[in-house]
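Welcome, and please keep your viewer open for this short tour. At each stop you will get something to select and a note on what is there.

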Amino acid sequence: MSTITTTDLEAAVEDAAAYLYVWALKDIPQDLRDALADAATRETSVPGQRVLQTILKNVTVAETEKNLVCQDTGIAVYTCRVGEHFPLHPARIYAALKTGTERATVEHPLRSNAVHTITRENTGPNTGYRLPIVHWEFIPDWDGLDVKCVPKGSGSENMSFLKMCVPADGVKGIKQFVLESIVGAGGKPCPPGIVGVGIGGSADYAMYLAKEAIARPIGTRNPDPHVAELEDELFALLNETGIGPMGLGGDVTVLQCHIEHADTHMTLNPVAVNYQCWAARRASAHVGPNGEVEYDREF
Ligand code: SF4
(Lines give C-alpha, C1' and ligand atoms only; values in the text may rest on other atoms or scores of the structure.)
Protein backbone atom coordinates (compact mmCIF):
# COMPACT_ATOMS: atom_id res chain seq x y z
CA MET A 1 0.00 0.00 0.00
CA SER A 2 2.74 2.44 0.94
CA THR A 3 4.64 1.51 -2.25
CA ILE A 4 1.63 2.45 -4.41
CA THR A 5 1.21 5.74 -2.58
CA THR A 6 4.92 6.54 -3.00
CA THR A 7 4.88 5.75 -6.70
CA ASP A 8 1.79 7.91 -7.33
CA LEU A 9 3.26 10.71 -5.31
CA GLU A 10 6.53 10.56 -7.22
CA ALA A 11 4.56 10.79 -10.47
CA ALA A 12 2.66 13.79 -9.11
CA VAL A 13 5.92 15.58 -8.21
CA GLU A 14 7.36 14.72 -11.63
CA ASP A 15 4.27 16.12 -13.39
CA ALA A 16 4.49 19.25 -11.24
CA ALA A 17 8.16 19.80 -12.15
CA ALA A 18 7.47 19.31 -15.86
CA TYR A 19 4.60 21.81 -15.68
CA LEU A 20 6.43 24.38 -13.52
CA TYR A 21 9.52 24.59 -15.71
CA VAL A 22 7.50 25.35 -18.84
CA TRP A 23 4.98 27.59 -17.05
CA ALA A 24 7.75 29.70 -15.54
CA LEU A 25 9.41 30.11 -18.93
CA LYS A 26 6.24 31.17 -20.74
CA ASP A 27 4.11 33.16 -18.39
CA ILE A 28 5.88 35.66 -16.14
CA PRO A 29 4.25 36.62 -12.81
CA GLN A 30 1.89 39.57 -12.53
CA ASP A 31 4.13 41.44 -10.07
CA LEU A 32 6.91 41.38 -12.69
CA ARG A 33 4.53 42.58 -15.41
CA ASP A 34 3.42 45.43 -13.13
CA ALA A 35 7.02 46.34 -12.26
CA LEU A 36 7.99 46.47 -15.95
CA ALA A 37 4.93 48.59 -16.81
CA ASP A 38 5.71 50.91 -13.90
CA ALA A 39 9.33 51.17 -15.06
CA ALA A 40 8.09 52.34 -18.46
CA THR A 41 6.19 55.19 -16.79
CA ARG A 42 9.38 56.34 -15.01
CA GLU A 43 11.94 55.98 -17.79
CA THR A 44 12.79 59.29 -19.50
CA SER A 45 15.62 58.23 -21.82
CA VAL A 46 14.62 57.46 -25.41
CA PRO A 47 16.76 54.28 -25.77
CA GLY A 48 15.65 53.13 -22.31
CA GLN A 49 12.01 53.70 -23.20
CA ARG A 50 12.45 51.77 -26.46
CA VAL A 51 13.96 48.83 -24.58
CA LEU A 52 11.13 48.74 -22.04
CA GLN A 53 8.45 48.95 -24.73
CA THR A 54 10.16 46.09 -26.58
CA ILE A 55 10.26 44.01 -23.38
CA LEU A 56 6.56 44.68 -22.73
CA LYS A 57 5.72 43.73 -26.31
CA ASN A 58 7.85 40.61 -25.96
CA VAL A 59 5.83 39.56 -22.91
CA THR A 60 2.54 40.09 -24.77
CA VAL A 61 3.73 38.21 -27.87
CA ALA A 62 4.92 35.30 -25.71
CA GLU A 63 1.48 35.16 -24.12
CA THR A 64 -0.42 35.40 -27.41
CA GLU A 65 1.79 32.90 -29.21
CA LYS A 66 2.05 30.67 -26.13
CA ASN A 67 5.82 30.82 -26.45
CA LEU A 68 8.79 31.51 -24.20
CA VAL A 69 9.60 35.02 -22.96
CA CYS A 70 13.31 34.39 -23.66
CA GLN A 71 15.27 31.86 -25.70
CA ASP A 72 17.54 31.12 -22.73
CA THR A 73 15.69 28.41 -20.86
CA GLY A 74 18.38 28.62 -18.19
CA ILE A 75 19.15 25.96 -15.67
CA ALA A 76 16.25 24.76 -13.57
CA VAL A 77 16.69 25.75 -9.94
CA TYR A 78 14.11 24.37 -7.52
CA THR A 79 13.42 25.21 -3.91
CA CYS A 80 11.59 22.51 -1.95
CA ARG A 81 9.88 22.95 1.39
CA VAL A 82 9.27 19.43 2.63
CA GLY A 83 6.96 18.72 5.52
CA GLU A 84 8.29 16.17 7.98
CA HIS A 85 5.21 14.00 7.40
CA PHE A 86 5.23 14.23 3.59
CA PRO A 87 5.22 10.57 2.55
CA LEU A 88 7.93 10.72 -0.14
CA HIS A 89 11.63 10.66 0.70
CA PRO A 90 13.71 13.64 -0.57
CA ALA A 91 15.79 11.21 -2.67
CA ARG A 92 12.62 10.31 -4.59
CA ILE A 93 11.56 13.97 -4.73
CA TYR A 94 14.91 14.80 -6.34
CA ALA A 95 14.50 11.94 -8.84
CA ALA A 96 11.02 13.22 -9.73
CA LEU A 97 12.26 16.80 -10.22
CA LYS A 98 15.02 15.55 -12.49
CA THR A 99 12.71 13.42 -14.62
CA GLY A 100 10.15 16.25 -14.75
CA THR A 101 12.83 18.66 -15.99
CA GLU A 102 13.85 16.17 -18.68
CA ARG A 103 10.25 15.62 -19.76
CA ALA A 104 9.59 19.36 -20.02
CA THR A 105 12.72 19.77 -22.15
CA VAL A 106 11.87 16.91 -24.51
CA GLU A 107 8.10 17.30 -24.66
CA HIS A 108 7.89 21.08 -25.20
CA PRO A 109 10.66 21.02 -26.57
CA LEU A 110 13.06 23.43 -24.80
CA ARG A 111 16.64 24.30 -25.61
CA SER A 112 19.03 21.97 -23.85
CA ASN A 113 21.64 24.06 -22.06
CA ALA A 114 23.38 21.63 -19.73
CA VAL A 115 27.01 20.69 -20.43
CA HIS A 116 29.87 18.95 -18.63
CA THR A 117 31.81 21.76 -17.00
CA ILE A 118 35.21 20.64 -18.37
CA THR A 119 34.48 18.93 -21.69
CA ARG A 120 31.55 21.26 -22.47
CA GLU A 121 29.71 18.30 -23.98
CA ASN A 122 25.94 18.58 -23.77
CA THR A 123 24.62 16.31 -21.03
CA GLY A 124 21.08 16.01 -22.37
CA PRO A 125 17.67 17.45 -21.53
CA ASN A 126 18.70 20.20 -19.08
CA THR A 127 19.88 17.71 -16.50
CA GLY A 128 23.25 16.21 -15.64
CA TYR A 129 25.55 15.56 -12.73
CA ARG A 130 24.09 17.59 -9.84
CA LEU A 131 21.61 19.22 -12.22
CA PRO A 132 18.89 20.35 -11.65
CA ILE A 133 19.87 22.33 -8.59
CA VAL A 134 17.58 21.85 -5.59
CA HIS A 135 17.56 23.78 -2.35
CA TRP A 136 15.88 22.11 0.62
CA GLU A 137 13.99 23.32 3.63
CA PHE A 138 12.34 20.92 6.08
CA ILE A 139 9.18 21.95 7.90
CA PRO A 140 8.14 20.32 11.20
CA ASP A 141 4.56 19.17 11.88
CA TRP A 142 3.46 19.33 8.21
CA ASP A 143 2.59 16.75 5.56
CA GLY A 144 2.89 18.86 2.39
CA LEU A 145 5.51 19.72 -0.22
CA ASP A 146 6.01 23.12 -1.85
CA VAL A 147 8.10 23.33 -5.00
CA LYS A 148 9.28 26.56 -6.58
CA CYS A 149 10.99 26.59 -9.98
CA VAL A 150 13.25 29.51 -10.88
CA PRO A 151 14.87 29.00 -14.29
CA LYS A 152 18.11 30.99 -14.22
CA GLY A 153 19.49 32.42 -17.45
CA SER A 154 23.24 32.61 -17.89
CA GLY A 155 23.38 36.31 -18.73
CA SER A 156 22.22 37.22 -15.27
CA GLU A 157 23.82 34.30 -13.42
CA ASN A 158 27.22 35.24 -14.87
CA MET A 159 26.84 38.53 -13.03
CA SER A 160 27.18 36.99 -9.57
CA PHE A 161 29.71 38.36 -7.13
CA LEU A 162 31.02 37.55 -3.68
CA LYS A 163 33.17 39.59 -1.34
CA MET A 164 34.33 38.66 2.11
CA CYS A 165 34.15 42.15 3.59
CA VAL A 166 35.63 42.57 7.04
CA PRO A 167 33.44 43.74 9.92
CA ALA A 168 35.24 47.10 9.89
CA ASP A 169 33.83 47.66 6.38
CA GLY A 170 30.40 47.71 8.01
CA VAL A 171 27.23 48.52 6.10
CA LYS A 172 29.16 51.08 4.07
CA GLY A 173 31.33 48.27 2.67
CA ILE A 174 28.23 46.23 1.80
CA LYS A 175 26.67 49.13 -0.09
CA GLN A 176 29.91 49.91 -1.89
CA PHE A 177 30.34 46.30 -3.04
CA VAL A 178 26.76 46.03 -4.31
CA LEU A 179 27.09 49.27 -6.24
CA GLU A 180 30.50 48.33 -7.69
CA SER A 181 29.12 44.94 -8.75
CA ILE A 182 26.11 46.34 -10.56
CA VAL A 183 28.03 49.19 -12.19
CA GLY A 184 30.65 46.66 -13.35
CA ALA A 185 27.92 44.38 -14.72
CA GLY A 186 26.49 47.20 -16.85
CA GLY A 187 24.13 45.88 -19.53
CA LYS A 188 25.36 42.26 -19.40
CA PRO A 189 22.63 40.84 -17.10
CA CYS A 190 19.78 42.22 -19.28
CA PRO A 191 18.63 44.99 -16.94
CA PRO A 192 16.35 46.15 -15.49
CA GLY A 193 16.03 43.21 -13.14
CA ILE A 194 16.13 42.25 -9.50
CA VAL A 195 19.36 42.60 -7.54
CA GLY A 196 19.55 39.91 -4.89
CA VAL A 197 21.91 40.52 -2.00
CA GLY A 198 22.89 37.95 0.60
CA ILE A 199 24.67 39.14 3.71
CA GLY A 200 26.04 37.21 6.65
CA GLY A 201 26.36 33.47 7.25
CA SER A 202 29.39 32.13 5.38
CA ALA A 203 30.71 32.52 1.82
CA ASP A 204 28.51 29.76 0.36
CA TYR A 205 25.46 30.66 2.43
CA ALA A 206 25.65 34.35 1.49
CA MET A 207 25.35 33.38 -2.19
CA TYR A 208 22.48 31.04 -1.39
CA LEU A 209 20.74 33.92 0.39
CA ALA A 210 21.29 36.20 -2.61
CA LYS A 211 19.63 33.57 -4.80
CA GLU A 212 16.71 33.37 -2.36
CA ALA A 213 16.37 37.14 -2.51
CA ILE A 214 15.85 37.23 -6.28
CA ALA A 215 13.03 34.69 -6.03
CA ARG A 216 10.83 36.89 -3.83
CA PRO A 217 7.85 38.76 -5.30
CA ILE A 218 9.04 42.13 -6.55
CA GLY A 219 9.03 44.89 -3.97
CA THR A 220 8.46 42.72 -0.93
CA ARG A 221 10.52 43.87 2.01
CA ASN A 222 12.61 41.92 4.47
CA PRO A 223 10.80 41.59 7.82
CA ASP A 224 13.87 42.93 9.66
CA PRO A 225 13.51 46.74 9.60
CA HIS A 226 17.30 47.29 9.43
CA VAL A 227 17.51 45.09 6.36
CA ALA A 228 14.38 46.60 4.80
CA GLU A 229 15.89 50.07 5.21
CA LEU A 230 19.01 48.90 3.38
CA GLU A 231 16.83 47.46 0.57
CA ASP A 232 15.18 50.85 0.12
CA GLU A 233 18.49 52.67 0.16
CA LEU A 234 20.19 50.34 -2.32
CA PHE A 235 17.17 50.37 -4.64
CA ALA A 236 17.39 54.17 -4.84
CA LEU A 237 21.19 54.22 -5.20
CA LEU A 238 21.23 51.55 -7.92
CA ASN A 239 18.76 53.55 -9.98
CA GLU A 240 21.01 56.60 -9.72
CA THR A 241 23.81 54.81 -11.58
CA GLY A 242 22.29 55.75 -14.96
CA ILE A 243 23.02 52.30 -16.45
CA GLY A 244 19.43 52.05 -17.62
CA PRO A 245 17.52 49.36 -19.54
CA MET A 246 19.95 46.97 -21.28
CA GLY A 247 22.78 49.28 -20.23
CA LEU A 248 21.81 51.92 -22.80
CA GLY A 249 21.46 54.65 -20.19
CA GLY A 250 18.38 55.77 -18.31
CA ASP A 251 16.52 56.12 -15.04
CA VAL A 252 15.58 52.47 -14.53
CA THR A 253 18.57 50.23 -13.86
CA VAL A 254 16.89 47.81 -11.46
CA LEU A 255 13.28 46.86 -10.80
CA GLN A 256 14.09 46.10 -7.18
CA CYS A 257 16.77 45.23 -4.67
CA HIS A 258 15.97 42.39 -2.26
CA ILE A 259 18.18 41.33 0.64
CA GLU A 260 18.25 38.13 2.67
CA HIS A 261 20.48 37.86 5.72
CA ALA A 262 21.83 35.44 8.33
CA ASP A 263 23.70 35.98 11.54
CA THR A 264 27.41 35.41 11.15
CA HIS A 265 30.77 35.07 12.91
CA MET A 266 31.96 38.20 14.71
CA THR A 267 34.95 38.45 12.36
CA LEU A 268 32.98 37.81 9.14
CA ASN A 269 31.00 40.14 6.89
CA PRO A 270 30.24 38.20 3.67
CA VAL A 271 28.32 39.93 0.87
CA ALA A 272 26.98 38.15 -2.21
CA VAL A 273 25.22 39.64 -5.22
CA ASN A 274 23.07 37.56 -7.55
CA TYR A 275 21.31 39.26 -10.45
CA GLN A 276 17.98 38.26 -11.94
CA CYS A 277 17.32 39.71 -15.40
CA TRP A 278 14.08 41.37 -16.51
CA ALA A 279 12.79 37.85 -17.38
CA ALA A 280 12.56 37.08 -13.66
CA ARG A 281 10.72 33.80 -14.09
CA ARG A 282 9.32 31.79 -11.22
CA ALA A 283 6.42 29.40 -10.60
CA SER A 284 5.35 27.28 -7.64
CA ALA A 285 3.21 24.28 -6.79
CA HIS A 286 1.89 22.74 -3.61
CA VAL A 287 1.76 18.95 -3.51
CA GLY A 288 -0.44 17.35 -0.86
CA PRO A 289 0.25 13.99 0.84
CA ASN A 290 -2.16 12.19 -1.51
CA GLY A 291 -0.63 13.63 -4.66
CA GLU A 292 -3.06 16.50 -5.22
CA VAL A 293 -1.28 19.48 -6.85
CA GLU A 294 -2.18 23.18 -6.68
CA TYR A 295 -0.28 25.61 -8.89
CA ASP A 296 0.44 29.08 -7.63
CA ARG A 297 3.07 31.76 -8.05
CA GLU A 298 4.22 31.66 -4.46
CA PHE A 299 4.56 29.47 -1.47
S1 SF4 B 1 19.82 37.16 -18.94
FE2 SF4 B 1 17.62 36.78 -18.90
S3 SF4 B 1 16.71 38.08 -20.50
FE4 SF4 B 1 18.96 37.96 -20.83
S5 SF4 B 1 19.19 36.28 -22.32
FE6 SF4 B 1 19.44 35.39 -20.26
S7 SF4 B 1 17.38 34.71 -19.62
FE8 SF4 B 1 17.13 36.07 -21.38
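**Stop one: Asp146**

Select Asp146 and His286: their side chains are joined by a polar contact of 2.9 Å. Here a polar contact is a pair of N or O atoms within 3.5 Å; within protein, one must be able to donate a hydrogen and the other to accept it, and residues adjacent in sequence count only if both atoms are side-chain atoms. This is a predicted model, in which local features need pLDDT of at least 70, side-chain atom pairs count only at pLDDT 80 or more, and totals for chains, interfaces and linings use all residues. Residues are numbered from 1 along each chain as its sequence is written, and side-chain values use heavy atoms, with hydrogens and water left out.

Asp146 sits in strand β3 (residues 145-152); strands (E, at least two residues) and helices (H or I, at least four) are DSSP runs, numbered from the N terminus. Is Asp146 buried or exposed? With a relative accessible area of 7%, Asp146 is buried (buried is under 20%, exposed over 50%, partly exposed in between, using a 1.4 Å probe and protein chains only).

**Stop two: the two domains**

Now colour domain 1 (2-26 + 69-153 + 280-296) and domain 2 (155-276) separately; these bounds come from an automatic or database domain assignment. Their centres, taken over C-alpha atoms, are separated by 27 Å. Ten residues from domain 1 and 13 residues from domain 2 take part in the contact, where contact means heavy atoms within 4.5 Å.

Between them, the domains bury about 900 Å², with 56% of it on carbon and sulfur atoms; buried area is the accessible area (1.4 Å probe) that two parts lose on being put together, summed over both. On the domain 1 side, select Lys152, Ala280 and Arg282, which lose the most area to domain 2, together 51% of what that side buries.

**Stop three: the ligand**

Next, show the residues around the ligand, including Cys70, Asp72, Ser156, Trp278 and Arg281 (each has a heavy atom within 4 Å of it).

**Stop four: Asn222**

Finish at Asn222, in the loop between α7 (203-214) and α8 (225-238). Asn222 counts as buried, at 6% relative accessibility. Its side chain reaches the backbone nitrogen of Asp224 at 2.9 Å.
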